[in-house]
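Biologist: Please take a close look at one helix pair for me. Then put the pair in its wider setting.

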Amino acid sequence: MIPATNAYKYIGDRYPLKRTTNGWWTSDCPFCGKRGKLAFHFAWSYSKCWSCNWRDSIADFVMESEALTYTQAHHTIMEADGAGIDPDMFVMARSMDVAEVDLPAGYTPLIEGRGKTVGKRAIAYLEGRGFDIEKLDAQGFGYVGTHAGDGQDDYFGYIIMPIQQDGRLRYFIGRDFVDGFPKYKNPQREVCGTGKDQVIFNADAFNIHRNVYVMEGIFDALTLGRKAAATLGWSWSAEQLGWMIGSACESITIVADKGFYPMAVKNAVKLIDHKEVRVVNFDHQEYGKDVNDIGRVRTMRLVKATEPLTMEHAFEVLGQ
């Protein structure tokens with residue numbers, strides 16, 4: 001997880017930056033040479049070029065432009081001293097009104113766990129589910145390999161999936177990878193001031209991409225890629241709906257887990273006056289109950305076969 005302040009410091013020391021609108025900063029592109037066409041959004045840790053169509057994370061930009069490995073690029077940016085930079089300069093005005101939280105005691109980034117016994121086990125679990133460890137590390141994923149001290153919430157044996165928004169850590173979810181604890185563990189609202197129904201995993205995608213895929217689980221969203229977000233449940237809150245409606249994206253495709261199609265349609269009705277909406281139905285799939293089960297290729301086939309939702313069809317599904 002690369003703080004916006006570190007990324008801004010590192011990039012700003014190497015490229016002349018000009019602040020534009022909606023959180024973007026522009027400079028000259030090292031790939032195509034076009035002046036003023038390269039853009040950075042430090043809150044989203046994202047970079048793109050309007051001319052040569054470069055689009056990727058800031059860590060990937062540094063890796064590509066400086067011929068580094070991902071690990072080298074990550075460490076190099078993290079070493080940039082952003083202590084004197086105000087983090088509020090990167091926060092968008094439409095942020096959800098939720099608290100900033102801290103990662104649990106013993107949190108270790110994934111790439112730092114490659115030489116450690118518990119870390120290897122966490123990495124093996126994620127790789128077994130088909131995920132690229134360096135890409136997960138770029139999103140701040142880590143694990144807890146030591147027990148917490150007295151008075152601290154113990155996340156030993158959990159993979160930590162951080163939920164960032166506008167460059168701030170807003171929440172995190174723990175996923176057991178040793179098969180000895182409850183499957184999921186997350187901070188309680190009364191402790192950290194934020195509930196999981198107030199945040200969206202990869203919420204910034206709604207302001208980066210024209211079409212965003214929405215599903216319940218983080219692993220499902222990771223399977224589909226950078227345009228996918230996870231709501232961590234099917235009972236959407238006012239904060240989650242407000243973020244989606246007020247975002248810059250033009251269309252939203254909801255991918256419902258098997259058995260949750262009616263609930264997904266009910267949510268879609270709340271968006272239909274603001275965005276083009278599709279709801280993918282898993283209920284007729286013979287194999288697999290969600291995106292991570294059947295994979296990205298088969299899911300995208302279902303997406304392409306799904307027509308935009310109409311109110312008439314929504315009423316049919318909901319029995320109204």
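Which hand does the crossing of H2 and H3 have, left or right?

Modeller: The crossing of H2 and H3 is right-handed. A crossing is right-handed if the near helix is turned clockwise from the far one by less than a right angle, and left-handed if anticlockwise.

First, some ground rules. This is a predicted model: local features need pLDDT of at least 70, side-chain atom pairs count only at pLDDT 80 or more, and totals for chains, interfaces and linings use all residues. Residues are numbered from 1 along each chain as its sequence is written, and side-chain values use heavy atoms, leaving out hydrogens and water.

Now the pair itself. Two packed helices are described by the angle between their axes and the distance between the axes. H2 covers residues 58-65 and H3 covers residues 70-78. Helices (H or I, at least four residues) and strands (E, at least two) are DSSP runs, numbered from the N terminus. H2 and H3 pack at about 115°, and their axes are 9 Å apart. H2 is therefore roughly perpendicular to H3. That term covers angles of 65 to 115 degrees; under 35 is roughly parallel, over 145 roughly antiparallel, and the rest oblique. The axes are lines fitted to C-alpha atoms, for helices over the stretch in contact, and angles run from 0 to 180 degrees between N-to-C directions.

Which residues meet? From H2 come Ile58, Ala59, Val62 and Met63. From H3 come Tyr70, Ala73 and Ile77. Contact means heavy atoms within 4.5 Å. By class, this contact has seven nonpolar residues, no polar and no charged ones. Nonpolar here means Ala, Val, Leu, Ile, Met, Phe, Trp, Tyr, Cys and Pro; Asp, Glu, Lys and Arg are charged; the others, Gly among them, are polar.

Next, the link. Ala67 sits in the loop between H2 and H3. Its phi is positive, about 55°, although Ala67 is not a glycine. Ala67 counts as exposed because its relative accessibility is 68%. The cut-offs, with a 1.4 Å probe and protein chains only, are over 50% for exposed, under 20% for buried, and partly exposed in between.

H1 (residues 4-12) is mostly covered, with seven of its nine residues buried. These are Ala4, Thr5, Asn6, Ala7, Tyr8, Tyr10 and Ile11. Their cover includes H2 and H3, along with strand S2 (25-27) and strand S3 (38-41).

Now step back to the cores. A nonpolar core is a set of buried Ala, Val, Leu, Ile, Met, Phe, Trp, Tyr and Cys residues joined through side-chain atoms within 4.5 Å. The largest has 43 residues. Those touching the most other members are Leu110, Leu126, Phe141, Phe201, Met215, Ile218 and Leu222.
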